[in-house]
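Look at the model below. The text after it starts with strands and then turns to aromatic rings.

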Amino acid sequence: MSNTETRPAEMLCGSPAERDRTGAEAPVEVLTPRDVPLGGPRAMTVRRTLPQRARTLIGAWCFADHYGPDDVAHSGGMDVAPHPHTGLQTVSWLFGGEIEHRDSLGSHALVRPGELNLMTGGHGIAHTEVSTPRTTVLHGVQLWVALPEEHRHTARDFQHHVPEPVRLDGAVLRVFLGSLAGAVSPVRTFTPLLGAEIVLEPHATLTLAVDAGFEHGVLVDEGDVRVGGTPLRPAELGYVPDGCGTLDLANASDGPARVVLLGGPPFGEEIVMWWNFIGRTHDDIVEAREDWEKATERFGAVHGYPGERLPAPVLPNATLSPRGNPPRP
């Protein structure tokens, strides 16, 4: 998905970390979302929890949009024209609906619930995303992964994977990246990562063994979820620092609860994120924008979309600065 804000900021604005509902210091850092409209007057609105001022990354995960369930008859669905990416991988994961993906590598694939589409931008790629005519409700997440310096100019790539469900007592997991609960994803990444959908039965509790070298984020889609005793509302993301070898999840709802679990070792590099580009300096972004506007071979061409490319927004009248996570106390 494109970050199609008409005036994209250097993507660090958002709510600070909250304390828990009692006012005491929360054991889990709670990141609240901000609403971002994508496109024109009938455009979808997404709830963005990464990046924000309190936290730029969780592992190499640097961008998290949560959307729906949207009635396509009202919202118009998704129709994102050809747009570029650099320095990242995009992760598309749906709970409902269907999206048609085309890219300048020549990939033409459908994104369906429970199926992973991962696209590598690297030095440059362009793609489109359009909800299909049979989609009535659109619901899912769009996630980005920052590529480390040594790989951020890698060749464009596209991978598709359908993870098998893992059934535990009171929960069902689908591990689309990394490994968890004995399931291992074959999808290639450039840093160690964890990505999984977890559906908890009503009033179920679950303790997962996780990599203590990873920091984790729990993004709530639906349900009254507690992470390590800290309550999270739908669309909130709970951050758990590295050093924890287990993760406790609980569903206090009378119905099922669903979360997306993200993880990875702390990303030691600072990045510059602007529009759909990730670089290390202001000049990286300027160069990528110019290459897109000049339609150079860097991004290639997307065939089969009945419309024009998205133009790049105007850069701000300030130097974009690299940022990482705030230092630990």
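**Strands and rings**

Strand S4 and strand S11 (residues 137–146) pair in the antiparallel sense, with eight bridges between them. The model that shows this pairing is a predicted one. Within the pair, Asp71 stands opposite Val137 in S11. S4 also has a partner in strand S3 (residues 45–50): three bridges join the two, and they run antiparallel. Here Arg48 stands opposite Asp65 in S4. How enclosed is S4 by the rest of the structure? Nine of the 11 residues of S4 (residues 61–71) are buried, so the strand is largely enclosed.

The aromatic rings come next. Rings count as a pair if their centres lie within 6.5 Å, and by this rule there are six aromatic pairs. In one of them, the ring centres of Trp275 and Phe277 are 5.5 Å apart and the planes stand at 85 degrees, so this pair is edge-to-face. Trp275 and Phe277 are both buried.

Phe277 also pairs with Phe299: their centres are 6.1 Å apart and their planes at 35 degrees, so this pair is tilted. Phe277 belongs to strand S26 (residues 277–279) and Phe299 to the segment after helix H2 (282–293), so the pair ties together parts that are 22 residues apart in sequence. Both Phe277 and Phe299 are buried. Together with Trp274, Trp275 and Trp292, these two residues form one aromatic cluster.

Rings also lie under charged groups. The charged end of Arg55 sits over the ring of Tyr239, 3.7 Å from the ring's centre. Likewise, the charged end of Arg258 sits over the ring of Phe95, at 4.2 Å from its centre.

Note on methods. Residues are numbered from 1 along each chain as its sequence is written. This is a predicted model: local features need pLDDT of at least 70, side-chain atom pairs count only at pLDDT 80 or more; totals for chains, interfaces and linings use all residues. Side-chain values use heavy atoms; hydrogens and water are left out. Rings of Phe, Tyr and Trp (its six-membered ring) pair if their centres lie within 6.5 Å; planes under 30 degrees apart count as stacked, over 60 as edge-to-face and the rest as tilted. Buried means under 20% relative accessible area, exposed over 50%, partly exposed in between (1.4 Å probe, protein chains only). Helices (H or I, at least four residues) and strands (E, at least two) are DSSP runs, numbered from the N terminus. A charge sits over a ring if NZ of Lys or CZ of Arg is within 6 Å of the ring centre and within 35 degrees of the ring normal. Two strands pair if DSSP finds at least two bridges between them.
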